[in-house]
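Hi,

Here is the structure I promised to pass on. Please open it first, then read the notes below.

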Amino acid sequence: MTDVAILILRVALGIVIVLHGVYKFQKKSFLDQKWQEDYGFPRGSVVLTGILQVACGLAIFGGVFSRLAALILLLIMLVATYVSIGKHHEPFLSTPDGKGWDINFLLIGSLLTLIFLGDGKWALAGW
């Protein structure tokens, strides 16, 4: 049963993370400017983050190096959460009036769970 739970976690998490990475490529110009002006991140950090999210999301989805991919994504999510709390002063809960950092918290918990549990039996790494 644990392996089924890990598979469900990997598939759901992989899809969410890959789509977040793809979004960064679709909105590259806007995000590059926003990240540089609002956060002081260097140009190109949007592309690097997008590449890491797509690559690590696919690794998690397939169950190949899931722990390493989850660790990389955990670092990204910790920075994103710091920005949400420290720079935007967002509340915990997302509401119709604005974004919160509750989804970040959920992703961090999911990534930590995957780091502890690993790929599971139904993973490409096991074949």
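Which side chain meets that of E90 in a salt bridge? It is the side chain of K99, at 3.3 Å from N to O. Keep in mind that this is a predicted model. E90 is buried, because its relative accessibility of 15% falls under 20%. K99 is partly exposed, at 48% relative accessible area.

The whole structure holds three salt bridges. Another joins D32 and K28, with the closest N and O atoms 3.1 Å apart. These two residues sit four apart in helix α2, so about one helical turn separates them. D32 is buried at 4% relative accessible area. K28 is partly exposed at 34%.

K34 pairs with D38 in a salt bridge, and here the closest N and O atoms are 3.0 Å apart. K34 is partly exposed, with a relative accessible area of 26%. D38 is also partly exposed, with 40%.

Next, the helix packing. Helix α2 (residues 28-39) and helix α3 (residues 45-62) have axes that come within 8 Å and cross at roughly 120°. That angle makes α2 oblique to α3. On the α2 side, K28, L31, D32 and W35 make the contact. On the α3 side, S45, V46, V47 and T49 do.

Last, the surface. F65, L68, L71, L75 and L78 form a nonpolar patch there, with about 530 Å² of accessible area together. L78 belongs to helix α4 (residues 66-87). L78 counts as partly exposed, at 43% relative accessibility.

Best wishes

Note on methods: Residues are numbered from 1 along each chain as its sequence is written. This is a predicted model: local features need pLDDT of at least 70, side-chain atom pairs count only at pLDDT 80 or more; totals for chains, interfaces and linings use all residues. Side-chain values use heavy atoms; hydrogens and water are left out. Patches are made of residues with over 30% relative accessible area and no salt bridge: like charges are joined within 9 Å, nonpolar side chains (Val, Leu, Ile, Met, Phe, Trp, Tyr) within 5 Å. Accessible areas come from the Shrake-Rupley method with a 1.4 Å probe; for residues, only the protein chains shown count as cover. A salt bridge is a side-chain nitrogen of Lys or Arg within 4 Å of a carboxyl oxygen of Asp or Glu. Buried means under 20% relative accessible area, exposed over 50%, partly exposed in between (1.4 Å probe, protein chains only). Axes are lines fitted to C-alpha atoms, for helices over the stretch in contact, and angles run from 0 to 180 degrees between N-to-C directions. Angles under 35 degrees count as roughly parallel, over 145 as roughly antiparallel, 65 to 115 as roughly perpendicular and the rest as oblique. Contact means heavy atoms within 4.5 Å.
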